[in-house]
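Here are some friendly notes to read alongside the model. Keep the picture open and find each part as you go.

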Amino acid sequence: MQLGLQAYDEIVGEEPLITSGPQYDMVQRATGRLVEAAKRMGPEFTQRFEWEVRLIDNPDVVNAFCLPGGKMAVYTGILPVAQTETGLAVVMGHEIAHATERHGTERMSRAQLEELVVQAGVTAAGGDELHAEAARGALQLAVNLPFSRRDELEADQVGLLYMAAAGYDPREAERFWGRMSALSGGGGSSLEAFLSTHPTDQDRIAQIRELLPEAMRLYEASEAVGNP
Ligand SMILES: [Zn+2]
């Protein structure tokens, strides 16, 4: 969690942020509702997360993440793929699920974690620019490290239930992942990075379909249904 909090400052610290307007409001509202669902349904330790989301003004980056500890970022490049607040809830429900299911720490080996701590420590102690650069690189790598296939399916599953409980129509999930996969091959390196960690395959779609009845029950029971 500590590493996640530090990584957040390293990664978003120098990015241009959007701090008002309709896109900003949408991102705040969607993640706010998802976080409330995650706190109700997720493991107890998520109560201690320091939840926060920032909207990064970079239309070339098709990405979004939630670090261990609850710090989230949405790049404006993913908004055209999300299309709507419900589409955004698909991807952020999935990303939040990675954090609440502790995937971020499981996927890093102990050696990788130690390396990050050493480098982050050097930076915190006022290390030179070269060290700071190395630390940023290592933390970026930590964010872009692929999750295992099992983790991906679990994040889909848990994320689908979060979005439904937050009052977002879970039928959008299959459509969203379909749009993501349709972009393959045309979106530059950042998109390739996201797609390589989030392949849309038949297992993924089959699992979403299988879970849909349960998700629809949560959605229909949600007090937030009828909100945007
Ligand atoms: Zn994922």
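1. Let us start with a glycine. Gly77 touches Asn58, Pro59, Asp60, Val61, Val62 and Asn63, leaving aside residues up to four places away in sequence; touching, or contact, means that C-beta atoms placed from the backbone lie within 7 Å. Gly77 and Val61 are 16 residues apart in sequence, yet 4.9 Å apart in space, C-alpha to C-alpha.

2. A word on the source. This is a predicted model, in which local features need pLDDT of at least 70 and side-chain atom pairs count only at pLDDT 80 or more, while totals for chains, interfaces and linings use all residues. Residues are numbered from 1 along each chain as its sequence is written.

3. Where does Gly77 sit? Its place is in the loop between strand S4 and helix H3 (79-82); helices (H or I, at least four residues) and strands (E, at least two) are DSSP runs numbered from the N terminus. Gly77 is buried, because 21 other C-beta atoms lie within 10 Å, and the cut-off for buried is 20 or more (12 or fewer is exposed, in between is partly exposed).

4. Now the whole chain. It has 11 helices and four strands, and 39% of its 228 residues count as buried. Among contacts between residues at least 6 apart in sequence, 71% join residues at least 24 apart.

5. Look next at helix H2 (residues 22-41). Its buried residues, among them Val27, Leu34 and Val35, pack against strands S2 (52-56) and S4 (71-75) and helices H4 (85-100) and H8 (149-165). The 20 residues of H2 should span 28 Å at 1.5 Å a residue, and the end C-alpha atoms are 29 Å apart, which agrees; the expected span is 1.5 Å times one less than the number of residues.

6. Is H4 enclosed or open to the outside? Of its 16 residues, 15 are buried, so H4 is largely enclosed by the rest of the structure. H4 is followed by Arg102, whose phi is positive, near 60 degrees.

7. Finally, a helix pair. H4 and H8 pack at an angle of about 120 degrees, with axes 7 Å apart; axes are lines fitted to C-alpha atoms over the stretch in contact, and angles run from 0 to 180 degrees between N-to-C directions. That makes H4 oblique to H8, because angles under 35 degrees count as roughly parallel, over 145 as roughly antiparallel, 65 to 115 as roughly perpendicular and the rest as oblique. Residues making the contact include Ala89 and Gly93 of H4 and Ala155 and Gly159 of H8.

How values were computed: Contact = placed C-beta atoms within 7 Å.
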